[in-house]
Amino acid sequence: MQLPLSCVNTLTKHQAALVYTQVFGIRVFPLKEGTKIPLPGTGGVHSATLDPQSIDLWWTLYPDANIGLAGGDNFDFADLDCKREGQDGLRSFVELDEDLIGRPVQHTPTGGLHVLLPASEWMELTNFQNKGTYRGIDMRTRGGYVVGA
């Protein structure tokens, strides 16, 4: 049985960062509390790590820091937006013959979804936002990130 991403919602940010790395193999880095902005001086997505000692240090110093989840290693992220008028990322995702069943999914505060896709499942992609056929889908791959729960 696969552990759902929602399991992190009951954890401290520090514990959640460790679960993302140890259970899902997703590199993490700290963001300013309540934002999508990397903490100054941390290197942002370029310093994302699986190293528990680095994670312990970051979340000891900044216990309320949001968690940045780096794309491009084991997973890419399809960020399905539902908040913009005329944008239905979930509908676009399904129209691409993609299925949510069995995929790790995380709800966003704005009513969207982050869907984890094995990095090899999609062709080599770059980061993009709301592009053509992919209306309402923001893709985050190597060099991109989403905010963890």
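This is a predicted model: local features need pLDDT of at least 70, side-chain atom pairs count only at pLDDT 80 or more; totals for chains, interfaces and linings use all residues.
Residues are numbered from 1 along each chain as its sequence is written, and side-chain values use heavy atoms, with hydrogens and water left out.

**Stop 1: F29 and Y145.** A search of the whole structure finds 2 aromatic pairs. Rings of Phe, Tyr and Trp (its six-membered ring) pair if their centres lie within 6.5 Å; planes under 30 degrees apart are stacked, over 60 edge-to-face, the rest tilted. Select F29 and Y145. Their planes stand at 85 degrees, with centres 5.0 Å apart, so this pair is edge-to-face. F29 sits in strand 1 (residues 28-31) and Y145 in strand 8 (residues 145-147), 116 residues apart. Strands (E, at least two residues) and helices (H or I, at least four) are DSSP runs, numbered from the N terminus.

Now check burial. Buried means under 20% relative accessible area, exposed over 50%, partly exposed in between (1.4 Å probe, protein chains only). F29 is buried at 0%. Y145 is partly exposed at 23%.

**Stop 2: W58 and W59.** Select both. This aromatic pair is edge-to-face, 6.2 Å centre to centre, with 80 degrees between the planes. W58 is buried at 13% relative accessibility. W59 is buried too, at 2%.

**Stop 3: T21.** Go to helix 1 (residues 13-22) and select T21. Is T21 buried or exposed? Its relative accessible area is 6%, so T21 is buried. Leaving aside neighbours within four places in sequence, T21 is in contact (heavy atoms within 4.5 Å) with I26, V28, T49, L50 and I55.
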